[in-house]
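I opened the notebook with a plain plan.

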Amino acid sequence: MANTSTLDKGNLYRLPWSMNDNPIGWIEVTDICNIHCEGCYRLILGDGHKPLQQIKEEILFLKKWRNCDGISLAGGEPFLHPAIIEIIQFITDNGMKSVMLTNGYALNEEKLINLRKAGLTGLSFHVDSTQTRPEFNKEKIENEAQLNDLRLKFAKLVKKCGISYAHFGMTVNRNNLVEVPDFIKWAIDNVDYVNGVSLITYRGLPDLDGLEYCTDKGNNVSVNANTLGYAFPAETMNIANVPSQEVYSMIKKHFPGYEATSYLGGTMDHTSFKWLIGNLITNNNGHIFGAYGKKTMEWVQVMHHILKSKYLVYPRMKLGKNIFFMSFFDKEVRKAFKNYLLYCLANPVRFFHPVKAMGVGVIQGPDILPDGTVDMCDDCPDMCVHEGKLVNSCRLDECRKFGSMLHMHVNSDNAREILTEHHQHGK
Ligand code: SF4
């Protein structure tokens, strides 16, 4: 079992986001993609590119009902949408930021410059070893480190085109969990180009004997790799379901200066950490001074809401050494400031070197509990619009394919035992 002794909700700030006051909204502009990722949430159902008018209506819906600071553009691969520049311009004209979630394959300098001119705030890249990538001639990618050159190429291109935010995501399963520290180390070593990383723990719906799925109308449906992109065979449960606490422990073990600032819990399980947000304070030499603490995150969220009437996401401003002013309120930053002073006193030239922040987020998607209920992210930030309603984007395909999110019924002791065992991993 992981050592989770220092991960305590009392030491973290519970992000104040809610259904109607949430800085993030999610729009899927296409279901077409140019590569394949294992466990992708999206099925290609033939919907293709969403019409521009519908996308504009969804943007206005999210602005009205979510009070968004930023819109995440996802898919499929959003770069493939022929009206992507107009979409970004429309978001900018409506006073919101835009971040594109991309696999990066279709990127080039000319397109990025045009997107920046339309107001694109940043890019969040999904580049990891669960993918089949054309850059590798579709050969199997053996480990995360193999992808670092490609990641860096994308990050440098983003900076060259004047876009302020480059973020990288990795899907974490039990096989690649040990590679998480190297991935973070790579990001820290390239902090001039990389603003943050997300570690998304692999989740899905298991095709498990004794676990039945049915729609709102009570119709039983078959869930397997042919009917839902995020369904997986029961055996795959052994590599899925790594809890966020375990990822946190892995990070903490290799980067003792790391600390999380804030979290979102679960809708059903009061012990869950569904979103765990942290910010390392570091420099260009890969030296870690410490991390933001909960007071800094609270101050940032509250002040932004007071001044702009909405919570903050995708900050454009780089704080640099100004972060140390938070030492007055935040004991974690105070610790980092002491480390920084000691580091600079050992060689005063270091006072002239910049200080940078590196975001490290952990996301643990839906968990099926032993009684068949589903523990989702409390006040889910990644909600999208489907047929006039807000739905969790990670389960959108259940609505698209079956007309509603599915309900689970556990009909055998064996299935209950397996779900119990997997749920206990993180406790
Ligand atoms: S519940 Fe929301 S935030 Fe959590 S994984 Fe699903 S879409 Fe993402």
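**Ligand shell.** I sorted the residues around the ligand by class and got seven nonpolar, three polar and two charged. The shell includes Lys274, Ile363, Gly365 and Pro366.

**Confidence.** I am working with a predicted model. The mean pLDDT of the protein chain is 93, and 97% of its residues reach 70 or more. I flagged residues 1-5, where the pLDDT is below 50. Beyond near neighbours in sequence, that stretch has six contacts in the model.

**Whole chain.** I counted 10 helices and 22 strands in the protein chain. The radius of gyration is 21 Å, close to the 22 Å that the globule rule gives for 427 residues, so the chain is as compact as a globular protein of that length. Along the principal axes, the C-alpha atoms fill a box of roughly 70 × 50 × 50 Å. Buried residues make up 46% of the 427. I also looked at contacts between residues at least 6 apart in sequence: 76% of them join residues at least 24 apart.

**Cores.** Which members of the largest nonpolar core touch the most others? Ile184 and Val247 do, in a core of 96 residues. I followed Ile184 and set aside residues up to four places away in sequence; Ile184 then touches Val197, Ile251, Phe255 and Val360. Another core, of 17 residues, lies apart from the largest one. Among its members I noted Cys40, Leu228, Val410 and Ala415.

**Helix H6.** Is H6 (residues 244-254) enclosed or open? Eight of its 11 residues are buried, so H6 is largely enclosed by the rest of the structure. The buried set includes Val247, which I had already met in the largest core. I then checked what covers them. The cover includes helix H5 (180-189) and the strands E8, E9 (196-201), E14 (260-264), E15 (275-283) and E17 (355-364).

**His167.** I moved on to strand E8 (residues 165-172), where His167 sits. His167 has 22 other C-beta atoms within 10 Å; the cut-off for buried is 20 or more, so His167 is buried. Which residues does His167 contact beyond four places in sequence? I found Gly122, Ser124 and Phe125 in one part of the sequence, and Asn195, Gly196 and Ser198 in another. Leu123 is 44 residues from His167 in sequence, yet their C-alpha atoms are 6.2 Å apart.

I found a cis peptide bond joining Gly75 and Gly76, with omega about 20 degrees. Gly76 is in the loop between strand E4 (70-74) and helix H2 (84-93).

Tyr314 has phi near 50 degrees. Tyr314 lies in the loop between helix H7 (294-308) and helix H8 (331-345). Glu387 also has a positive phi, of about 50 degrees. Glu387 is in the loop between strands E20 (383-386) and E21 (389-392).

Buried or exposed? I checked each in turn. Tyr314 counts as buried, because 22 C-beta neighbours lie inside 10 Å. Glu387 has 8 C-beta neighbours inside 10 Å, so Glu387 counts as exposed.

Note on methods:
Residues numbered from 1 in each chain as written. Predicted model: local features only at pLDDT ≥ 70, side-chain atom pairs only at ≥ 80, totals over all residues. Helix = DSSP H or I, 4+ residues; strand = E, 2+ residues; numbered from the N terminus. Rg over C-alpha atoms; globule rule 2.2 N^0.38 Å. Buried ≥ 20, exposed ≤ 12 C-beta atoms within 10 Å, placed from the backbone. Contact = placed C-beta atoms within 7 Å. Core = buried A, V, L, I, M, F, W, Y, C linked by C-beta atoms within 7 Å. Near = placed C-beta within 6 Å. Nonpolar A, V, L, I, M, F, W, Y, C, P; charged D, E, K, R; others polar. pLDDT = per-residue confidence, 0-100.
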